[in-house]
Amino acid sequence: MDGYLQHAVDPDRLGRDFLVVLDAVASRELGDLAHSYARQVMVRWGTEAAAGGTAARASVRRWTPQLRKLLASPGDRFESLGQAYNGDWSALLEHWRLATVTTGTLAHLRKEFPPPDRTSSSPGRVRYAETAIDRLIGHLEPDEAALHTKKEALRRFIEHRGNEKAAQEEHELRQEADAEVMDFTTLLDNAVFKPSQIALGDDARRLALMQMLPNLCTAAGELVAASVSHRPQNIRIAIEGWHTRLPTDPAASIDGKALADELETELLERTEAEAAAVDRNLPRRVGGTAGGLSTLVLAPFLLGGFFLALVLLVGAFAGVWGLLDVTRVPAERGRIREAGVVRRRSAQRRLQDVLSRRIEFFAEWNEHVARLPELCAWDPTGK
């Protein structure tokens, strides 16, 4: 195994043989010493400092895109708060979602890596040792491998009766069959997040997870830190043109009655101002009434025939139009006040809903942030 891992395996070009050996090692079929040794090699691959090597791709930020896929969405639960929020709601909601990386990652890991069933009978387990040992024994030293390659090329040349083209095609097909499967980082990625894309048993996937779990924790911590740093101390809300500020601390005390009274007072004042503005159409009241009456009084002395009838009709309409303004004003005021009552009731319901959703929104934000230690302390072995 030492020769195989040190010389035959390139962490940037892991072949199918390595997956077989990894399964056997992870299931401890080759013993605890082999398990410990292979794990040390994997740790070295993951922490290698060479620029552009495995470590550069396996850095903490390598896993951030995968963790972002696990972020939760609140759906429309906080829609009322978003409608009242006087700011960039999409940005605030995105920062809230960043905190859910803890809950989302824990849910994914617990689903993909449930505690091992230690009560299952050993005969039912998949055995990898025999195949893995064949791979290890069949491993050749570099000079032996070169000689073996030449011998295989000559054998294929003879089998194809000197047909170099056919021998080369078979050589290429065998190379494709033996081609590298993936680099080490992709192996870890597939083992933890895309199990259907890699032929690894549960024990091998768990071993891969143990290798990358510290980096996952650090990456999640960075997302949580970004979430907390962009969380404001208070938010500004607007309901029907009324504005106020609410603290983002869900435990902060808020006088809901005082806010409701303030909202009621402002909307009532606005309604009364709108109703009072109705009584300002003096040209219609004075001009229409006076003009209409003057026309009715003077027209008979100045006109006659068809023109008299037409002018009298116009004068009558003008007078009625002016006189109706007297009754229009109280009717319009009543309509405005009734609409104001409906608007104030709706605004009060919205305010109470916003106050409730504010507590729920920021309390859940805190809960997700507080689960970071739980994620970092989670043990994939179920201990």
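This is a predicted model: local features need pLDDT of at least 70, side-chain atom pairs count only at pLDDT 80 or more; totals for chains, interfaces and linings use all residues.
1. Residues are numbered from 1 along each chain as its sequence is written, and side-chain values use heavy atoms, with hydrogens and water left out.

2. Staying with that pair, the axes of H7 (residues 89–99) and H13 (residues 202–229) come within 8 Å and cross at roughly 145°. The axes are lines fitted to C-alpha atoms, for helices over the stretch in contact, and the angles run from 0 to 180 degrees between N-to-C directions. H7 contributes His-95, Leu-98 and Ala-99 to the contact, and H13 contributes Leu-223, Val-224, Ala-226 and Ser-227; contact here means heavy atoms within 4.5 Å. Five of these contact residues are nonpolar, two are polar and none is charged. In this scheme Ala, Val, Leu, Ile, Met, Phe, Trp, Tyr, Cys and Pro are nonpolar, Asp, Glu, Lys and Arg are charged, and the others, Gly among them, are polar.

3. Now for the chain as a whole. The protein chain has 17 helices and two strands, which are DSSP runs (helices H or I, at least four residues; strands E, at least two) numbered from the N terminus. Of its 383 residues, 37% count as buried. Buried means under 20% relative accessible area, exposed over 50%, and partly exposed in between (1.4 Å probe, protein chains only). Among contacts in the chain with a separation of 6 or more, 77% come from residues 24 or more positions apart.

4. Thr-100 sits in the loop between H7 and helix H8 (101–112). How buried is Thr-100? Its relative accessible area is 0%, so Thr-100 counts as buried. The Thr-100 side chain reaches the backbone nitrogen of Ala-72 at 2.9 Å, and a polar atom of that side chain lies 2.5 Å from the backbone oxygen of Arg-97. For reference, a polar contact is a pair of N or O atoms within 3.5 Å; within protein, one must be able to donate a hydrogen and the other to accept it, and residues adjacent in sequence count only if both atoms are side-chain atoms. Not counting residues up to four places away in sequence, Thr-100 touches Leu-71, Ala-72 and His-368.

5. If you are thinking about cysteines, one disulfide is found in a search of the whole structure; the criterion is a pair of cysteine sulfur atoms within 2.5 Å. Cys-217 and Cys-376 form the disulfide, with an S to S distance of 1.7 Å. The pair links distant parts of the chain, 159 residues apart, with Cys-217 in H13 and Cys-376 in helix H17 (residues 372–377). The torsion about the S-S bond is about 65°, so the disulfide is right-handed. Cys-217 is buried at 15% relative accessible area, whereas Cys-376, at 37%, is partly exposed.

6. Val-192 belongs to helix H12 (residues 184–193) and is buried, with 0% relative accessibility. Leaving aside neighbours within four places in sequence, Val-192 is in contact with His-108, Leu-109, Glu-112, Phe-113, Arg-205, Leu-209 and Met-212. The C-alpha atoms of Val-192 and Gln-66 are 9.9 Å apart, although the two residues are 126 residues apart along the chain.

7. Leu-351, in helix H16 (residues 305–370), is likewise buried, with a relative accessible area of 0%. With neighbours within four places in sequence set aside, Leu-351 contacts Ile-237, Ile-239, Trp-242, Leu-259, Ala-260 and Leu-263. Leu-351 and Leu-81 are 270 residues apart in sequence, with 9.2 Å from C-alpha to C-alpha.

8. Most residues other than glycine have a negative phi. Glu-240, however, has a phi near 55°; Glu-240 lies in the loop between strand S1 (234–239) and strand S2 (242–247) and is partly exposed at 32%. H2 itself (residues 16–26) is mostly covered, with eight of its 11 residues buried, including Phe-18, Leu-19 and Asp-23.
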